[in-house]
Amino acid sequence: MNSQVLSLCCCLALIAGIGATSVSTNETDCPQMCPAIYQPVCGTDGFNLKEFASLCNLKASNCRRARNAQTVYAATDMAWCTSKKVENLDKQLNIKMDSAGCLKPCPMIYKPLCATNGEYRGLVSNDCVLEIFNCALMAAGVNTAKLLRILQAETC
């Protein structure tokens, strides 16, 4: 009798554990309506970038994607969605690398950085080169808001 009760309790605990970790299929669990307030959010699923109108829209999309066993989007820096990826950042920005006082020796260590000015994003070989880019931009009279900043310490 005790072993039957113990077996029944174990089965119930197992069923409860499975139910607690599964994705709900109840449609009311996902946000159905989001406020019509435009506060854009950029999301990534690791491969794709997508702009959502708000964080609520991102959550609603993720809820539906989780139900369909799809990878959900994680909120990320908005510059990923709004900037254009370019191959030669210095050429795109018209940077004169030999600007007065900007050119300096940099280590030949490749530690790629994905940098953006909000409009373009691209790869720079290391933080020293990023400093030279920003110095040249400042020498050209570019607004400090348009200087390059690091999106991530890897390739774009």
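Is N94 buried or exposed?

## Basis of the model

The model is predicted: local features need pLDDT of at least 70, side-chain atom pairs count only at pLDDT 80 or more, and totals for chains, interfaces and linings use all residues. Residues are numbered from 1 along each chain as its sequence is written, and side-chain values use heavy atoms, with hydrogens and water left out.

N94 is exposed, with a relative accessible area of 61%. Here buried means under 20% relative accessible area, exposed over 50%, and partly exposed in between (1.4 Å probe, protein chains only). The residue N94 is found in the loop between α4 (89-92) and β5; its phi is near 55°, a positive value in a residue other than glycine. Helices (H or I, at least four residues) and strands (E, at least two) are DSSP runs, numbered from the N terminus.

A69 lies in the loop between α2 (55-67) and β3 (74-76). Phi of A69 is positive, near 55°, and A69 is not a glycine. A69 is exposed, at 71% relative accessible area.

Two strands pair if DSSP finds at least two bridges between them. β5 pairs with strand β6 (residues 120-124) in the antiparallel sense over 4 bridges, and T116 stands opposite R121 in β6. The hairpin of β5 and β6 has 3 residues between the strands, and in this hairpin G118 takes a positive phi near 100°.

β5 is also joined to strand β7 (residues 149-152) by 3 bridges, and the two run antiparallel. The bridge partner of A115 in β7 is I150.
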